[in-house]
Amino acid sequence: MDLGIRGKRALVCASSKGLGRGCAEALAEAGVDLVMNARGADALEATAQEIRDRFGVNVTTVAADIVSEEGRARVLEAAGDVDILVTNAGGPPPGMWSDWQREDFLKALDGNMLTPIALMSTLMPKMIDKGWGRVVNITSQSVKAPIAVLGLSNAARTGLTGYVAGTARQVAPHGVIVNNLLPGIHATDRAVSLDTGVSESQGISMDEAKAQRAATIPARRYGTPEEFGQMCAYLCSQHAGFIVGQNILLDGGATLATI
């Protein structure tokens with residue numbers, strides 16, 4: 001399918017690997033030029049060069065912490081006038097409710113709520129002026145069904161979801177379409193980290209930990225960054241203009257919900 005976005009320009013955050021990379025690759029496949037951001041310069045440039053070689057699109061890289069004001073300013077300066085924004089940032093660590101203090105919540109809010117809002121606030125006005133834009137926020141299945149040990153993530157990402165619910169409907173009349181993608185367990189470094197936690201807490205091998213978690217998913221496997229990226233690219237396409245303010249689960253059926 002021709003997504004109708006060839007020649008558009010996208011900022012994809014945290015895109016050197018994992019789900020962000022999957023989104024960057026799928027957009028590049030559709031002919032979109034990229035501004036890619038991540039904290040690690042070496043991994044970022046290696047990924048960017050692979051994408052240039054494979055898809056022949058223009059790729060600008062900015063190695064910076066998107067959560068910091070200084071890093072975000074550098075990314076936004078390099079991004080300039082973009083048509084597509086994909087927000088993404090690593091989630092806060094797991095734990096127990098009794099472990100978390102005010103500073104823990106502020107850090108989670110900065111990373112998983114306030115940073116995406118700051119990026120949208122800066123970039124959407126130009127999209128509105130052009131009468132076209134797409135924003136996809138990578139959040140989590142936990143905004144549909146909370147994950148007890150991820151309370152910091154539950155709180156911050158749900159706050160972003162509430163913001164998007166209203167904002168998406170305010171900018172849609174101007175051709176700017178905002179939606180959220182809610183990943184379940186995907187084969188990324190985040191999954192390895194959580195599998196490691198299960199392995200250590202239960203005294204089992206990593207393979208056993210992964211099998212145990214995969215068994216909770218009706219699809220009986222982890223998702224892939226590639227299939228996640230294809231859904232992102234579709235939401236950024238010309239065909240998605242009537243999908244407004246939605247929270248789309250990609251979790252293999254793991255979330256138990258009728259709607």
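Predicted model: local features only at pLDDT ≥ 70, side-chain atom pairs only at ≥ 80, totals over all residues.

**The cavity and its surroundings**

The lining of the largest cavity consists of seven nonpolar residues, five polar and one charged. In that division Ala, Val, Leu, Ile, Met, Phe, Trp, Tyr, Cys and Pro count as nonpolar, Asp, Glu, Lys and Arg as charged, and the others, Gly among them, as polar.

Residues are numbered from 1 along each chain as its sequence is written, and side-chain values use heavy atoms, with hydrogens and water left out.

How many cavities of 30 Å³ or more are there? The count comes to one. A cavity here is a set of points, on a 1 Å grid over the protein atoms alone, where a 1.4 Å probe fits but cannot get out; lining residues have an atom within 4 Å of a point. Grid points are joined across faces, edges and corners, and a volume is the space filled by probe spheres set on the points. On that basis the largest cavity holds about 70 Å³ of space.

Its lining comprises 13 residues, and Thr87, Asn88, Ala89, Gly111 and Pro116 are those nearest the centre. Two or more lining residues come from each of helix H4 (102–130) and helix H5 (151–171). H4 contributes the most, with five residues. Helices (H or I, at least four residues) and strands (E, at least two) are DSSP runs, numbered from the N terminus.

Let me turn to the chain as a whole. Its secondary structure comes to eight helices and seven strands. The radius of gyration is 18 Å, close to the 18 Å that the globule rule gives for 259 residues, so the chain is as compact as a globular protein of that length. The radius is taken over C-alpha atoms, and the rule is 2.2 Å times the number of residues to the power 0.38. The C-alpha trace spans about 55 × 40 × 40 Å along its principal axes.

Of the 259 residues, 49% are buried. Buried means under 20% relative accessible area, exposed over 50%, and partly exposed in between, with a 1.4 Å probe and protein chains only. The chain exposes about 12100 Å², of which carbon and sulfur atoms supply 54%. These areas come from the Shrake-Rupley method with a 1.4 Å probe; for residues, only the protein chains shown count as cover. Contact means heavy atoms within 4.5 Å. Among contacts between residues at least 6 apart in sequence, 72% join residues at least 24 apart.

Next, the backbone. Most residues other than glycine have a negative phi. Alanine 14, however, has a positive phi near 45°. Alanine 14 sits in the loop between strand S1 (9–12) and helix H1 (18–29) and is partly exposed, at 26% relative accessible area. Arginine 220 also has a positive phi, of about 60°. Arginine 220 belongs to the loop between helix H7 (206–214) and helix H8 (225–235), and at 55% relative accessibility it counts as exposed.

Is serine 16 buried or exposed? At 9% relative accessibility, serine 16 counts as buried. Beyond four places in sequence, serine 16 touches Arg21, Asn37, Ala38, Ala43, Leu44 and Thr47.

Valine 171 is in helix H5 and is buried, at 8% relative accessible area. Not counting residues up to four places away, valine 171 touches Met124, Ile128, Val176 and Val178. Valine 171 and arginine 213, 42 residues apart in sequence, are 39 Å apart in space, C-alpha to C-alpha.

Glycine 80 occupies the loop between helix H3 (69–79) and strand S4 (84–87) and is partly exposed, at 24%. Its contacts, leaving aside neighbours within four places in sequence, are Leu123 and Lys126. Glycine 80 and leucine 11 are 69 residues apart in sequence and 9.3 Å apart in space, C-alpha to C-alpha.

Glutamate 227, in helix H8, is partly exposed at 33% relative accessible area. Leaving aside neighbours within four places in sequence, glutamate 227 is in contact with Arg221 and Leu250.

Conventions. 1 Å grid on protein atoms, 1.4 Å probe; cavity = no way out; pocket = protein on both sides within 12 Å on 5 of 7 lines; lining within 4 Å.
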